[in-house]
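The questions below ask how the terms used for a structure follow from its values. Each answer sets a value against a definition and then concludes.

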Amino acid sequence: MEIVKKTPAKLGTHDLCPGCGHGIVIRLIEEVIEELGQENNQIVIAGVGCVCTATPAMRFDRFQAAHGRAAATAEGVKRVRPDVLVFAYQGDGDAYTIGIAESLNAAYRNENITQFVINNVNFGMTGGQMSWTTLPGQKTMTSVSGRNAELTGLPFHFPEMVAGSKGFHVAYAARGAVIDAKTINQTKRMIRSALEAQLNGEGFSVVEILSPCPTNWHMSPKQCREQITGPIIAEYPLGEFKTRD
Amino acid sequence: MSKKALINIAACKGCGFCVDVCPKQALSLSAEFNPAGYNYAVIDEKACIGCGTCYTVCPDYVYTMVEE
């Protein structure tokens with residue numbers, strides 16, 4: 001009996017909720033890094049949130065950044081160790097709501113790092129509070145009658161912002177999802193492009209990944225995937241917004 | 001030579017993602033519990049064609065694809 005496909009060697013076990021998308025994303029990242037031959041040359045800068053529940057599975061060099069500051073920390077690591085593959089791994093509450101200054105400044109300066117953002121449209125670990133990516137009308141712990149767009153603004157689109165705004169010259173920006181085999185394979189290709197951009201010194205690359213959150217959406221894993229296929233993808237279209245030259 | 005999926009029952013959290021996507025309906029959730037208290041995925045080995053879709057979607061690294 002010969003093994004033809006197994007979980008990357010650098011991954012252990014994690015304690016995430018059943019049906020959570022984090023587990024799939026870290027497996028995709030590690031598969032790509034193994035294929036690129038960089039498994040002993042990588043540092044993950046972890047954000048705060050459910051990411052902290054996922055990082056115990058990452059059995060390689062990792063650094064726990066302060067809340068929202070993973071992009072800034074990754075820049076520092078990359079500047080002193082330019083030969084190492086450095087990526088920030090964050091949630092949407094961490095990278096956008098709390099750390100938008102660090103994320104945007106890293107993109108603006110076109111720092112040679114990669115940022116992966118898991119977008120589950122709420123703050124997962126603290127119990128499902130509203131974040132900048134929450135859909136208008138969506139009920140969360142802190143928007144009990146649904147998000148009021150007049151009071152709290154409209155959903156935040158980071159990849160489109162850094163790909164399309166004047167003054168930004170990022171190398172790669174894309175949005176994927178982990179809801180079926182097709183989108184998972186598509187997301188893996190995006191992760192590969194983002195990491196290759198960093199290895200070639202092209203500059204900042206970001207991949208946002210839409211991920212189910214069964215616990216805080218109060219849905220079954222199957223209902224969560226239907227929720228992403230319907231209203232969430234309607235708000236956050238998948239695709240590459242800035243491709244590599 | 002045929003490909004098959006192996007299941008690590010202890011790692012399964014019973015989310016049912018693999019059951020939904022299996023093109024041959026070879027997977028189902030058990031009535032029993034694993035040591036962590038979840039209904040784990042069980043495989044009908046005769047129906048499995050070793051396509052690896054379950055490996056692709058599993059968030060908890062339950063599957064290993066083997067060739068025998």
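Q: Which residues do ring pairs link into a cluster with A:Phe60?
A: Ring pairs link A:Phe60 with A:Phe87 and A:Phe116. Rings of Phe, Tyr and Trp (its six-membered ring) pair if their centres lie within 6.5 Å. This is a predicted model, in which local features need pLDDT of at least 70 and side-chain atom pairs count only at pLDDT 80 or more, while totals for chains, interfaces and linings use all residues. Side-chain values use heavy atoms, without hydrogens and water; residues are numbered from 1 along each chain as its sequence is written, and chains are lettered from A and ligands numbered from 1 in the order in which they are written.

Q: How many aromatic pairs does a search of the whole structure find?
A: The search finds 5 aromatic pairs over all chains.

Q: Why is the pair of A:Phe60 and A:Phe87 called tilted?
A: Planes under 30 degrees apart count as stacked, over 60 as edge-to-face and the rest as tilted. The ring centres of A:Phe60 and A:Phe87 are 6.5 Å apart and the planes stand at 45 degrees, so the pair is tilted. The pair links distant parts of the chain, 27 residues apart: A:Phe60 is in the loop between α2 (51–54) and β3 (62–64) of chain A, and A:Phe87 is in strand β4 (residues 85–91) of chain A. Helices (H or I, at least four residues) and strands (E, at least two) are DSSP runs, numbered from the N terminus.

Q: What makes A:Phe60 and A:Phe87 buried?
A: Buried means under 20% relative accessible area, exposed over 50%, and partly exposed in between (1.4 Å probe, protein chains only). A:Phe60 has 11% and is therefore buried; A:Phe87 has 1% and is therefore buried.

Q: Why is the pair of A:Tyr96 and A:Phe156 called tilted?
A: The planes of A:Tyr96 and A:Phe156 are at 55 degrees, with centres 5.5 Å apart, so this pair is tilted. A:Tyr96 belongs to helix α4 (residues 92–98) of chain A, and A:Phe156 to the loop between α6 (149–152) and α7 (158–164) of chain A, 60 residues apart. A:Tyr96 is buried because its relative accessibility is 0%, and A:Phe156 is buried because its value is 15%.

Q: Which residues have the most contacts inside the largest nonpolar core?
A: They are A:Ile29, A:Phe87, A:Tyr89 and A:Phe116, in a core of 36 residues. A nonpolar core is a set of buried Ala, Val, Leu, Ile, Met, Phe, Trp, Tyr and Cys residues joined through side-chain atoms within 4.5 Å. The largest share of this core, 7 residues, comes from α1(A). Apart from it lies another core, of 25 residues, including A:Tyr96 and A:Phe156.

Q: Why is A:Ala174 called buried?
A: A:Ala174 is buried because its relative accessibility is 0%. This residue lies in strand β6 (residues 172–177) of chain A.

Q: Where does the charged end of A:Arg225 sit?
A: The charged end of A:Arg225 sits over the ring of B:Phe17, 3.9 Å from its centre. The term requires NZ of Lys or CZ of Arg within 6 Å of the ring centre and within 35 degrees of the ring normal. The charged end of A:Arg27 likewise sits over the ring of B:Tyr55, 4.9 Å from its centre.
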